[in-house]
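Morning, everyone. I have one structure to show you today. Please take a look at it while I talk.

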Amino acid sequence: QVQLVESGGGLVQPGDSLRLSCVASGFTGDAHVIGWFRQAPGKGRDWVSCIVGQGNLHYRDDVKGRFTISRDNAKNTVYLQMNSLQPEDTAVYYCAADRITGYGCYVGPNGSWGQGTQVTVSS
């Protein structure tokens with residue numbers, strides 16, 4: 001059982017930056033995917049970015065060049081550095097992890113999810 005705890009959300013203005021953190025525990029050492037999803041008001045849950053296996057990074061097109069995912073193995077923590085934030089980035093951001101399925105950032109029914117952290121970008 002993998003346990004994930006997100007933090008770092010907040011209220012910022014367009015152009016500002018935030019860094020989200022996800023502290024993970026319970027990994028066995030097997031290959032896995034871990035990353036970030038978001039759910040905007042009135043919309044479904046979408047993938048944002050993830051690290052697959054040894055270190056293959058993936059980003060959705062509308063965050064590429066602005067967001068950076070990274071990992072600190074010593075701290076068992078995954079980060080999402082978010083720069084040049086826009087109102088369209090407003091959402092609850094979730095950390096999630098699962099076994100590798102070959103579907104990139106896909107997290108299935110047996111995956112693990114954090115509680116979410118709110119990011120609001122407003123002027």
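Let me begin with a definition. Strands here are DSSP runs of at least two residues, numbered from the N terminus. A pocket is an open set of grid points, and its lining residues have an atom within 4 Å of a point. Keep in mind that this is a predicted model.

With those words in hand, take the second largest pocket. Which strand gives the largest share of its lining? That is strand 9, residues 91-99, with three residues. The lining has 15 residues in total. V2, F27, H32, D98 and R99 are the ones nearest the centre. By type, the lining splits into four nonpolar, eight polar and three charged residues. The volume of this pocket is about 200 Å³.

Now the largest pocket. It holds about 260 Å³ of space. Here 17 residues form the lining. Nearest the centre are F27, H32, R71, N73 and N76. As for type, five lining residues are nonpolar, nine are polar and three are charged.

Next, the sheet. Strands of a sheet pair through backbone hydrogen bonds, either parallel or antiparallel.

Zoom in on one pairing. Strand 7 and strand 8, residues 77-82, run antiparallel and are joined by six bridges. Find T68, and look across to strand 8: its bridge partner there is Q81.

Last topic: aromatic rings. How many aromatic pairs are there? The count is two. One of the pairs is Y94 with W113, and why is that pair edge-to-face? The ring centres are 6.4 Å apart, and the planes stand at 80 degrees. Planes over 60 degrees apart count as edge-to-face, so this pair qualifies. Y94 is in strand 9 and W113 is in strand 10 (residues 112-113), so the pair ties together parts 19 residues apart in sequence. Is W113 buried, exposed or in between? Its relative accessible area is 27%, so W113 is partly exposed. Finally, ring pairs link F37, Y94 and W113 into a cluster.

Methods. Residues are numbered from 1 along each chain as its sequence is written. This is a predicted model: local features need pLDDT of at least 70, side-chain atom pairs count only at pLDDT 80 or more; totals for chains, interfaces and linings use all residues. Side-chain values use heavy atoms; hydrogens and water are left out. Two strands pair if DSSP finds at least two bridges between them. Helices (H or I, at least four residues) and strands (E, at least two) are DSSP runs, numbered from the N terminus. On a 1 Å grid over the protein atoms alone, a cavity is a set of points where a 1.4 Å probe fits but cannot get out, and a pocket is an open set with protein on both sides within 12 Å along at least five of seven lines; lining residues have an atom within 4 Å of a point. Grid points are joined across faces, edges and corners, and a volume is the space filled by probe spheres set on the points. Ala, Val, Leu, Ile, Met, Phe, Trp, Tyr, Cys and Pro count as nonpolar, Asp, Glu, Lys and Arg as charged, and the others, Gly among them, as polar. Rings of Phe, Tyr and Trp (its six-membered ring) pair if their centres lie within 6.5 Å; planes under 30 degrees apart count as stacked, over 60 as edge-to-face and the rest as tilted. Buried means under 20% relative accessible area, exposed over 50%, partly exposed in between (1.4 Å probe, protein chains only).
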